[in-house]
Amino acid sequence: MKRNNILFGIFFTFIASYAYSQQTVKNIDSLLIVLNESPADTSKVTLFRKIAAHYNVVHLDSAKGFAEEGIVLAKKLNYTDGQWENLNVLGNYYERKTDYENALINYDAAMELIEAANSIKGIAVVKNNIATIHIRKGEYQKAIPLLFEALKAEEILKNENGIAQAYNNIGIVYYYMQDFDKTTDYLTKALLIQEGLGNFDGLINGYNNVGAIHIHQEKYKEAIKDYEKALSISTQIDDKINQAIELSNIGICWTKLRDFEKAEKFYNRSLALRDVIEDTNGKANSLVNMGELFIEQGEYTKAESYLKGGLDLANQYDLKKIKETAFAALSELYEGKGDLKRSNSYLKNFIQLKDSILNEDNARIIAEVETKYESEKKENEILRQRAELVEKDLEVRQKNTLIYGAFGLAILLGLLGYLVYNQQKIKNNQVKKEGELKSALVKIETQNKLQEQRLRISRDLHDNIGSQLTFIISSIDNLKYGFKDMGDKLSGKLSGISDFTSQTIYELRDTIWAMNKNNITFEDLQARISNFIDTAKIASEKTRFNFDIDSNINVAYLFTSVEGMNIYRIIQEAVNNALKYSEASEIIVKISDGENSFIISINDNGKGFDKEKIKDGNGILNMEKRGREIGANVEINSLVSNGTTVRIEIPLKDS
Amino acid sequence: MKVMPLDQLVIVLTVISISIGMWLCFFLKNNQVNQLHEQRLLILGDELAVNKLQVLIRKKGLDSYKFLSHNLSEALIIQPEINI
């Protein structure tokens with residue numbers, strides 16, 4: 001009978017956390033010294049665990065004591081994590097010893113503590129280890145839920161290495177369930193993670209298991225390469241268990257390649273190593289492999305010896321998978337030997353055992369567990385996405401609120417700025433206006449005060465000096481009255497002084513007036529001149545008066561008061577002289593507009609006089625003097641019997 | 001029609017309220033400032049008017065000076081209320 005060569009005793013490497021892992025330490029001696037010297041605290045519990053894990057790999061028998069001491073101390077210190085970690089390492093020890101019953105006892109004890117403490121890390125580690133026991137025993141339906149729980153825990157912890165371990169073990173279970181697509185899928189996932197992490201232990205397992213896939217795909221040379229890679233790493237870290245696995249699997253490949261000499265060499269190396277490390281499971285597997293090798297070579301006696309040895313060990317430790325392989329091989333052996341009865345018997349055993357492993361219920365349970373795991377994963381993903389959407393929505397809302405708030409603040413600040421600016425503008429305008437008014441007030445007050453002061457001084461001057469001058473006149477009059485007999489000359493002189501003094505008083509008054517009055521308009525002057533002429537008309541009824549003003553003249557023109565006064569006095573003098581001396585019947589006063597000047601003429605049709613013969617009297621001298629004072633040109637022209645003209649030309653000021 | 005979320009509505013209403021409040025405060029303050037300004041302008045105006053009146057009185061007096069009668073005593077009007 002050709003049996004299914006697929007299950008050729010390929011030894012997959014399960015990953016048991018904290019046992020077949022990178023727990024070997026470089027300087028174990030130092031660690032032991034530290035252990036002896038350290039106080040009995042939680043650190044010492046951890047040291048016990050680390051040393052036990054190290055010896056689980058390099059020297060199995062030494063591991064137990066350290067793990068047990070670690071458990072005792074952790075219990076004493078009520079250090080739950082330390083307790084279950086050491087229980088786990090002790091479980092690893094028993095597992096390596098192929099004592100699966102005690103291994104399970106320790107793992108279960110660890111699980112109790114883990115569940116009480118609700119430790120996700122513990123769930124990830126110990127459930128995986130319990131699952132590997134079930135795998136070894138062919139109890140895949142028990143293993144797979146535990147593996148998915150371990151995977152979930154590793155995902156929560158975001159432990160890439162743990163996730164890779166779980167994928168690896170799930171892949172192995174699918175291999176044994178002959179679902180090779182899923183096997184490839186999970187083992188590839190595991191190897192990718194391990195390569196990314198550069199994890200020795202993970203790489204060993206990854207290469208080992210990919211090698212197994214290559215064997216299944218009958219790519220034996222590739223498989224040998226995979227196992228050689230794994231062997232180099234496990235040799236580097238002195239992991240004898242994995243070395244034995246790789247050597248055994250290389251042997252399988254050479255068997256398939258019909259190089260039996262090489263195959264035997266590798267099997268022997270593997271078997272020797274397994275003897276040293278007391279790996280009963282591995283030893284059983286190696287014995288069965290050797291048996292299959294000799295079947296291929298037709299050496300049935302040798303084959304029978306090895307196969308029965310392997311079957312005994314498998315029965316002793318209830319290693320279902322190895323038993324299945326041994327049954328198949330023995331069936332083939334007895335078929336080769338022609339012992340059909342025995343061959344059939346072993347075949348029957350093989351089929352029964354295979355069915356018990358591969359029955360539909362198991363496959364269904366495993367599929368259901370995986371489906372449930374995938375569904376939960378998807379639901380979690382959906383919830384996570386929903387939470388992300390809600391978070392994003394909240395973020396958007398918060399951003400919008402922030403934008404609204406910022407915009408609102410900007411509006412408020414802008415409005416405040418505008419209102420303050422507006423208020424300031426109003427205040428500035430007010431200050432400016434008030435400033436202008438105050439400035440105008442100060443100016444007018446100052447002018448007012450100055451003018452008032454000047455007026456008061458003028459008044460005082462007039463009152464004092466005027467009264468003194470009046471006193472002089474009165475004194476002279478008294479003198480004249482008192483001395484009626486004085487001569488004409490003296491009387492004349494005194495009259496002259498009196499007249500002069502009177503004139504002085506008038507001039508003083510005119511000066512005081514002009515000092516206080518800045519300007520006089522042409523119109524005002526015209527009115528005064530007109531009044532004077534009206535008075536003269538009344539005084540001299542026989543004389544005709546004409547007062548003409550040129551229509552071009554600007555009546556708003558401003559003379560200074562001195563100018564206005566002097567012009568008036570000149571006209572007054574000229575008219576008085578004409579009335580007194582000329583015997584004129586007509587006197588014309590005319591004011592006309594010259595080229596940049598006013599021209600005033602006082603013309604009479606009287607008897608005139610010879611200017612050569614008549615000395616300029618006070619009146620004429622006065623007129624000329626007044627004209628000079630205001631920058632005017634005074635001309636007096638007279639011809640005997642032809643009247644007299646007094647012409648005054650007053651230059652205009654620049655406006 | 002999408003309703004504005006409550007927090008954004010609160011922000012909008014707060015901004016509007018504060019804006020109205022600020023505008024009202026400044027309006028009242030400006031009114032007060034304007035009133036004080038008007039009062040000061042009135043005072044300044046009155047003082048200016050007084051001074052202008054005094055100048056007018058003085059000018060009128062001086063304008064009443066008759067060149068022929070030399071009535072200076074009548075023309076020079078002293079205003080004792082002007083504090084030199």
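What percentage of the 655 residues in chain A is buried? Buried residues make up 38% of them, where buried is defined as 20 or more other C-beta atoms within 10 Å of a residue's own, exposed as 12 or fewer, and partly exposed as in between, with C-beta atoms placed from the backbone. Please keep in mind that this is a predicted model, in which local features need pLDDT of at least 70, side-chain atom pairs count only at pLDDT 80 or more, and totals for chains, interfaces and linings use all residues. Residues are numbered from 1 along each chain as its sequence is written, while chains are lettered from A and ligands numbered from 1 in the order in which they are written.

**View 1. Chain A as a whole.** Chain A has 22 helices and seven strands; these are DSSP runs numbered from the N terminus (helices H or I, at least four residues; strands E, at least two). Two residues are in contact if their C-beta atoms, placed from the backbone, lie within 7 Å. Among chain A contacts between residues at least 6 apart in sequence, 64% join residues at least 24 apart.

**View 2. Nonpolar cores of chain A.** A nonpolar core is a set of buried Ala, Val, Leu, Ile, Met, Phe, Trp, Tyr and Cys residues joined through C-beta atoms within 7 Å. The largest core holds 108 residues, and those touching the most other members include A:Ala52, A:Leu147 and A:Val173. Leaving aside neighbours within four places in sequence, A:Ala52 is in contact with A:Ala63, A:Phe66, A:Ala67, A:Gly70, A:Asn86 and A:Val89.

**View 3. Helix α22 of chain A.** The twelve residues of α22(A) (residues 618-629) should span 16 Å at 1.5 Å a residue, and the end C-alpha atoms are 16 Å apart, which agrees; the expected span is 1.5 Å times one less than the number of residues. A:Met623, A:Arg626 and A:Gly627 are buried in α22(A). They cover an arc of only 100 degrees around the axis, which puts them on the same side of the helix; the arc is that of the directions from the helix axis to the C-beta atoms. On the other side, A:Asn618, A:Leu621, A:Arg628 and A:Glu629 are exposed. The buried residues of α22(A) pack against α21 (561-582), β6 (633-638) and β7 (644-651) of chain A.

**View 4. Where chains A and B meet.** Chain B brings 36 residues to the contact and chain A brings 42 residues. On the chain B side, α1(B) gives the most, with 24 residues.
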